[in-house]
Amino acid sequence: MTKHVFHLGITDADLQGARLAIVPGDPERVQRIAEQLSNPRHLASKREFTSWLGELDGKPVVVCSTGIGGPSTSIAVEELAQLGVSTFLRIGTTGAIQTHINVGDMIVTMGSVRLDGASSHFAPMEFPAVANFDCTCALVDAARDMGIAPHVGITASSDTFYPGQERYDTHSARVLRKFQGSMKEWQAMGVLNYEMESATLLTMCASQGLQAGCVAGVIVNRTQQEIPDETTMKKAEQQAIDIVIGAARRLV
Ligand SMILES: O=P(O)(O)O[C@H]1O[C@H](CO)[C@@H](O)[C@H]1O
Ligand SMILES: O=c1cc[nH]c(=O)[nH]1
């Protein structure tokens, strides 16, 4: 019997046995990624979830956006897993917080600080948001094969873009006490960057027998600027896409 899911608008038959998903946040990135696969075709677009299917070395690979943040990511990952996907590669954009990281650099996440809420619905806070070793190696190897030396380390993954990432250039300029000074503390602990989905993705996968990895292109360095430059952003995004495709090729 065909398996349907609540939100994604796709079925197990659509996925043709795909076990690996590439999961960007942005729905607009999905087609660009899928077009680097063989035989790309659009499957569905529902809410923030756009899905395409393609092939890598003759094997089906699904590309599906998660939208921004943990709650929508948890839905995409849950429903893809129900449809048979067991490996998830997130490709995102990110804000670096270490001075030695440049805009345009690539970051591979080994583990995430759980500044989200959704991951706590899957495992208690004592449980680490840790990336799968093989997925991480595949991302790092793919980058190195392209002549890129990615930064590999810990990411702070926040439910909010503004207060949770300690941004003061906001409507109220208010950051709750619990986040005041937090960026400095993460920097001191060697945390590389901020983004918004890896805590949920990595916790869900590590705690449920699924595999996940995460690569992100640096579009701002929070120690230098807040607003990304469009050209650099496109370039960083494209390079992260190339890395995730290389990693997927190693894992399918
Ligand atoms: O570029 P994506 O994958 O959306 O990732 C980053 O960009 C969004 C914020 O602008 C958040 O989703 C964050 O994690
Ligand atoms: O600073 C940034 C840039 C991209 N995505 C984030 O979550 N934070």
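R222 forms a salt bridge with E226, and the closest N and O atoms of this pair are 3.0 Å apart; a salt bridge here is a side-chain nitrogen of Lys or Arg within 4 Å of a carboxyl oxygen of Asp or Glu. The model is a predicted one, in which local features need pLDDT of at least 70 and side-chain atom pairs count only at pLDDT 80 or more, while totals for chains, interfaces and linings use all residues. Residues are numbered from 1 along each chain as its sequence is written, chains are lettered from A and ligands numbered from 1 in the order in which they are written, and side-chain values use heavy atoms, with hydrogens and water left out.

- R222 counts as buried because its relative accessible area is 8%; buried means under 20% relative accessible area, exposed over 50%, and partly exposed in between (1.4 Å probe, protein chains only).
- Salt bridges that share partners join R29, R32 and E237 into one network.
- The structure holds 10 salt bridges.
- E226 also forms a salt bridge with R167, with the closest N and O atoms 3.1 Å apart.
- This pair links distant parts of the chain, 59 residues apart: R167 is in the loop between β8 and α5, and E226 is in the loop between β10 and α7. Helices (H or I, at least four residues) and strands (E, at least two) are DSSP runs, numbered from the N terminus.
- R167 is buried, with a relative accessibility of 4%, whereas E226 is partly exposed at 27%.
- E55 forms a salt bridge with R41, and their closest N and O atoms are 3.4 Å apart.
- That pair also links distant parts of the chain, with E55 in strand β3 and R41 in strand β2, 14 residues apart.
- R41 counts as partly exposed because its relative accessibility is 22%.

**Helix α4**

- Helix α4 covers residues 133–145, has 13 residues and reaches 18 Å from its first C-alpha to its last, close to the 18 Å expected at 1.5 Å a residue. The expected span of a helix is 1.5 Å times one less than its number of residues.
- The buried residues in α4 are C135, T136, A138, L139, V140, A142 and A143.
- The elements that cover them include β5 (87–96), β6 (106–115), β8 (151–158), β10 (211–221) and α7 (230–251).
- N132 caps the N-terminal end of α4, with a side-chain oxygen 3.0 Å from the backbone nitrogen of D134. A polar contact is a pair of N or O atoms within 3.5 Å; within protein, one must be able to donate a hydrogen and the other to accept it, and residues adjacent in sequence count only if both atoms are side-chain atoms.
- G147 follows α4 and has a positive phi, near 80 degrees.
- A142, which lies in helix α4, is buried at 3% relative accessibility.
- A142 and I245 are 103 residues apart in sequence, and their C-alpha atoms are 8.3 Å apart in space.
- Not counting residues up to four places away in sequence, A142 touches I243, G246, A247 and R250, where contact means heavy atoms within 4.5 Å.

**R114 in strand β6**

- R114 lies in strand β6.
- R114 is buried yet has no salt bridge, and the nearest side chain of opposite charge, D116, is 4.6 Å away. For charge, Lys and Arg count as positive and Asp and Glu as negative, while His and the chain ends are not counted.
- A polar atom of the R114 side chain lies 2.6 Å from the backbone oxygen of F127.

**Ligand 1**

- The residues around ligand 1 are G25, D26, R29, I68, R90, I91, G92, T93, F161, E195, M196 and E197; a residue is near a molecule if one of its heavy atoms lies within 4 Å of it.
- A backbone N or O atom of G25 lies 3.0 Å from an oxygen atom of the ligand.
- An N or O atom in the side chain of T93 is 2.6 Å from an oxygen atom of ligand 1, and one in the side chain of E197 is 2.5 Å from an oxygen atom of ligand 1.
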